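Open the model in your viewer and keep the sequence panel beside it. The stops below say what to select and what is found there.

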Amino acid sequence: SLEYLISSDSITFDNHFGDSFRLFIILDSDSKDTLYKEYLPVNLSPDFSYYFIKEYYEIYDILLIQGAQCCFLFYPDKLTLSSKICPDLSDCAISDMQGTYISQLRIMDQGEILELQISDCLEPFKYDISSEINIIEIK
């Protein structure tokens with residue numbers, strides 16, 4: 001089995017904000033060997049951590065990694081991380097910066113659609129995730 005971690009280290013450390021939890025690591029649970037390691041980009045600010053949404057892992061074998069405004073999909077069977085998924089907020093009536101944060105992420109339609117809701121946007125953003133190498137927004 002595998003262990004999934006969002007961690008920090010000397011590379012992610014920020015002199016002003018301190019630890020920046022954006023180092024994504026996968027360990028073998030038994031041997032503790034590192035199977036995968038990826039530095040995620042700064043999540044809007046160095047002090048904003050990424051976190052996992054694990055509820056779809058058991059159903060679709062996809063691990064969601066949520067940031068403040070963007071997310072990633074990780075496919076454990078292939079040890080593949082998607083490109084960063086960030087909605088175009090130009091059509092949203094943003095009241096303040098907190099209105100630009102992700103309020104909900106969910107996977108639907110047999111694991112082929114990602115729905116991403118931003119706080120101040122009326123409609124959710126939808127992405128075709130049926131191909132992990134070609135994730136496209138559905139307009």
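Begin with the aromatic rings: the structure holds ten aromatic pairs. Rings of Phe, Tyr and Trp (its six-membered ring) pair if their centres lie within 6.5 Å; planes under 30 degrees apart count as stacked, over 60 as edge-to-face and the rest as tilted. Select Tyr4 and Phe52, an edge-to-face pair with 6.4 Å centre to centre and 70 degrees between the planes. Tyr4 lies in strand S1 (residues 2-7) and Phe52 in strand S4 (residues 51-53), so this pair ties together parts that are 48 residues apart in sequence. Helices (H or I, at least four residues) and strands (E, at least two) are DSSP runs, numbered from the N terminus.

This is a predicted model, in which local features need pLDDT of at least 70 and side-chain atom pairs count only at pLDDT 80 or more, while totals for chains, interfaces and linings use all residues. Residues are numbered from 1 along each chain as its sequence is written, and side-chain values use heavy atoms, with hydrogens and water left out.

Stay on the pair and colour by accessibility. Buried means under 20% relative accessible area, exposed over 50%, partly exposed in between (1.4 Å probe, protein chains only). Tyr4 is buried at 13% relative accessibility, and Phe52 is buried at 18%.

S1 and S2 run antiparallel and are joined by six bridges; two strands pair if DSSP finds at least two bridges between them. Ile6 has Phe24 in S2 as its bridge partner. S2 also pairs with strand S3 (residues 34-39), antiparallel over five bridges, and there Leu23 stands opposite Tyr39. Five of the six residues of S2 are buried, so S2 is largely enclosed by the rest of the structure. At the hairpin of S2 and S3, with five residues between the strands, select Lys32, which takes a positive phi near 65 degrees.

Go then to the loop between S1 and strand S2 (23-28), and select Gly18. Gly18 is buried at 15% relative accessibility. Its C-alpha atom is separated by 7.2 Å from that of Asp47, 29 residues apart along the chain. Ser20 is in the loop between S1 and S2 as well, and is buried at 1% relative accessibility. Leaving out residues up to four places away in sequence, Ser20 touches Ser7, Ser8, Thr12 and Pro46 (contact means heavy atoms within 4.5 Å).

Move to the open sheet, where four strands follow the order S4-S5-S6-S7 with antiparallel pairing. S4 and strand S7 (80-81) are the edge strands, each pairing on one side only. Strand S6 (residues 71-75) meets S7 over two bridges, and Phe74 stands opposite Leu81 in S7.

Last, which residues lie nearest the centre of the largest pocket? Select Asp88, Asp91, Glu123, Phe125 and Glu137, from a lining of 14 residues. Strand S10 (125-128) and strand S11 (136-138) are the elements that give two or more residues to this lining. On a 1 Å grid over the protein atoms alone, a pocket is an open set of points where a 1.4 Å probe fits, with protein on both sides within 12 Å along at least five of seven lines; lining residues have an atom within 4 Å of a point.
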